[in-house]
Amino acid sequence: MSSSSTHPAADLRPHAVARAVAAQVWPLLALAAVFQAAALLWMARSGDRVPAAMAWTLLTKPGVLGLVASFALHESAHVLVLRRTSTVTHITVERTAWRTSVIPHGTLTPRATALVALAGPTACAALGALLWLSALDRALAWWYLAHLVFLLPCFGDGRALWRAAREARNRRTPATP
């Protein structure tokens, strides 16, 4: 499964990227919905709350709120920064079997590249920190805090960050004859 769509940068809305992420994993979302609905029906009929709590704990919370929502936020944050970059003319939303990503068309300075690369992981980390510090849901917080791993050079955001730092350093350092 692979698909892509290119949009003028000003026209691509973050919710369109969130929908693309959800479309990527629709079987998981459908399974979570069916499991949760069946458990809620059982609870309404029998008064037994255990299946509903299990459905929430095992699939709905980690699958929908942890996995899907965190990646939707991650990619949407990239789009928000790209939309504010005047040299980006179009953005492609690419879906493959394992990921959804956004690809800018146009030119990016090293600073802009770094800001775009940092936007996704830091938006997730900020929400994760809020969930953690508020003690609202520390287990869910880890799904968002884990996005900081994408700043490692083995991932796209980390590679872009390293490339931007290297390019900025090369621009500052005059070539030696």
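Reader: What relative accessible area makes Phe-35 partly exposed?

Author: We're looking at a predicted model, in which local features need pLDDT of at least 70, side-chain atom pairs count only at pLDDT 80 or more, and totals for chains, interfaces and linings use all residues. Residues are numbered from 1 along each chain as its sequence is written, and side-chain values use heavy atoms, leaving out hydrogens and water. Phe-35 lies in helix α2, residues 26-46 (helices are DSSP runs of H or I with at least four residues, strands are runs of E with at least two, and both are numbered from the N terminus). Buried means under 20% relative accessible area, exposed over 50% and partly exposed in between, with a 1.4 Å probe and protein chains only, so Phe-35 is partly exposed at 34%.

Reader: Which element gives the largest share of the nonpolar patch?

Author: Phe-35, Val-50, Met-54 and Leu-58 make a nonpolar surface patch of about 370 Å², the area coming from the Shrake-Rupley method with a 1.4 Å probe and, for residues, only the protein chains shown as cover. Patch residues have over 30% relative accessible area and no salt bridge; like charges are joined within 9 Å and nonpolar side chains (Val, Leu, Ile, Met, Phe, Trp, Tyr) within 5 Å. The largest share, three residues, comes from α3.

Reader: How far apart are the C-alpha atoms of Ala-52 and Asn-170?

Author: For scale, the C-alpha trace spans about 80 × 35 × 25 Å along its principal axes. Ala-52 and Asn-170 are 118 residues apart along the chain, and their C-alpha atoms are separated by 57 Å.

Reader: Which residues does Ala-20 touch?

Author: Ala-20 is one of the residues of that core. Not counting residues up to four places away in sequence, the ones Ala-20 touches are Val-93, Arg-95 and Thr-100.

Reader: How many residues lie between the parts that the pair of Phe-71 and Phe-150 ties together, counted as residues apart in sequence?

Author: Rings of Phe, Tyr and Trp (its six-membered ring) pair if their centres lie within 6.5 Å; planes under 30 degrees apart count as stacked, over 60 as edge-to-face and the rest as tilted. Phe-71 and Phe-150 are edge-to-face, at 5.7 Å centre to centre and 70° between the planes. Phe-71 sits in helix α3 and Phe-150 in the loop between α5 (138-145) and α6 (156-172), so the parts tied together are 79 residues apart.

Reader: Why is the pair of Trp-132 and Trp-142 edge-to-face?

Author: Trp-132 lies in helix α4 (residues 110-133) and Trp-142 in helix α5. Their ring centres are 5.6 Å apart, and the pair counts as edge-to-face because the planes are at 75°.

Reader: What is the phi of Ala-135?

Author: Most residues other than glycine have a negative phi. Ala-135 lies in the loop between α4 and α5. Although Ala-135 is not a glycine, its phi is positive, at about 60°.

Reader: Are Lys-61 and Asp-137 buried or exposed?

Author: The two form a salt bridge, with the closest N and O atoms 3.1 Å apart (the rule is a side-chain nitrogen of Lys or Arg within 4 Å of a carboxyl oxygen of Asp or Glu). Lys-61 is in helix α3 and Asp-137 in the loop between α4 and α5, 76 residues apart, linking distant parts of the chain. Both Lys-61 and Asp-137 are buried.

Reader: By about how much are Arg-171 and Glu-167 separated in helix α6?

Author: Their side chains meet in a salt bridge at 3.0 Å, N to O. Arg-171 is exposed, with a relative accessible area of 57%, whereas Glu-167 counts as partly exposed at 34%. Because Arg-171 and Glu-167 are four residues apart in helix α6, the separation is about one helical turn.

Notes: Core = buried A, V, L, I, M, F, W, Y, C linked by side-chain atoms within 4.5 Å. Contact = heavy atoms within 4.5 Å.
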